[in-house]
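Hi everyone, thanks for making time today.

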Amino acid sequence: MTHPDSIDAVQEMLGSQGYVCGRALATVVFLSLKLGRPLFLEGEAGVGKTEIAKALAAGLNRRLIRLQCYEGLDASSAVYEWNFPAQMVAIRTAEAAGGADRGALQSELFSDEYLVERPLLQAMRPDENGAPVLLIDELDRTDEPFEAFLLEALSDFQVTIPELGTVKAPEPPIVIVTSNRTREVHDALKRRCLYHWVDYPDFDREIEILHARAPEAAEALSREVVAFVQRLRTEDLFKKPGVAETIDWAKCLLALDVINLSPEVIGDTLGAILKYQDDIQKLQGSEAKRILDQAKADLEPV
């Protein structure tokens, strides 16, 4: 599929993949595709940053290549490595055969046959369906040296393998960088990208999302679930539930054949929406009922 030719077309394409987004997000996605600029998405965990890349790849029928970032990630782990066990087998085989040409053997050992491609190198390769979607997920987990390397790679869309030379993308990949803002990412990298803060959705938007991702949930239950989660986000919690937790919780309630929320049901299923024991402890007893009563009051017509 070619790139959508309007903001409305972007919303429609993402919506066809079950991803509901507002016009502001659809606009920045459209501009990223139109201008060929990387898209930097920042926001709390669970608000749907990673899902954008998945929906975009599916909607465009492009390959999704994901680089999951972590502390200590370096350029070699993100670009390539050599298959050392296979190389050692080739060396032993050549030695056993005797009379191996050292130059020819070295040339063979450092060829594509023994090259293990990691996400950044994979994204530079040509693809019959068009440039892939490269998701660089949770960049804030890496160290600053990797940021500097990534800045160079995204500037020229090329990587260098000393033994083979420079590999340049025939068509720049569609790049989406995400961050949970556990630390600040350097301004130099942000300036290379179009930026968007992905916030928690409002009530109506979250209802839309829940309808798209858990369509089997009854309207009354969906509204109670979203109202409760929205109220929960106003509480003093270590980790507020994201949209992903809203969807997971609704599916858990459906699996239990729950029709309406009650303090007992909430207490039994808190592990689907809260992931820290201290937060779960705060909602024991009367607290769950208090928040549920407030959520139901929010749903009452004025």
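**A first look at the fold**

Let's start with contacts, meaning heavy atoms within 4.5 Å. Among those between residues at least 6 apart in sequence, 75% join residues at least 24 apart.

A word on the source: this is a predicted model, where local features need pLDDT of at least 70, side-chain atom pairs count only at pLDDT 80 or more, and totals for chains, interfaces and linings use all residues. Residues are numbered from 1 along each chain as its sequence is written, and side-chain values use heavy atoms, with hydrogens and water left out.

Now, the overall shape. The C-alpha trace spans about 85 × 45 × 35 Å along its principal axes. The radius of gyration, taken over C-alpha atoms, is 24 Å, while a compact globule of 302 residues would have one near 19 Å; that globule rule is 2.2 Å times the number of residues to the power 0.38.

How is the protein divided? An automatic or database domain assignment sets the bounds, giving domain 1 (7-72 + 123-198) and domain 2 (203-290). Their centres, taken over C-alpha atoms, are 30 Å apart. Where the two meet, eight residues of domain 1 are in contact with nine residues of domain 2.

Finally, burial and charge. Of the 302 residues, 47% count as buried, that is, under 20% relative accessible area with a 1.4 Å probe, protein chains only. Counting Lys and Arg as positive and Asp and Glu as negative, without His and the chain ends, there are 32 positive and 50 negative side chains.

Notes
Buried means under 20% relative accessible area, exposed over 50%, partly exposed in between (1.4 Å probe, protein chains only). The place of a charge is taken as NZ of Lys, CZ of Arg, CG of Asp or CD of Glu.
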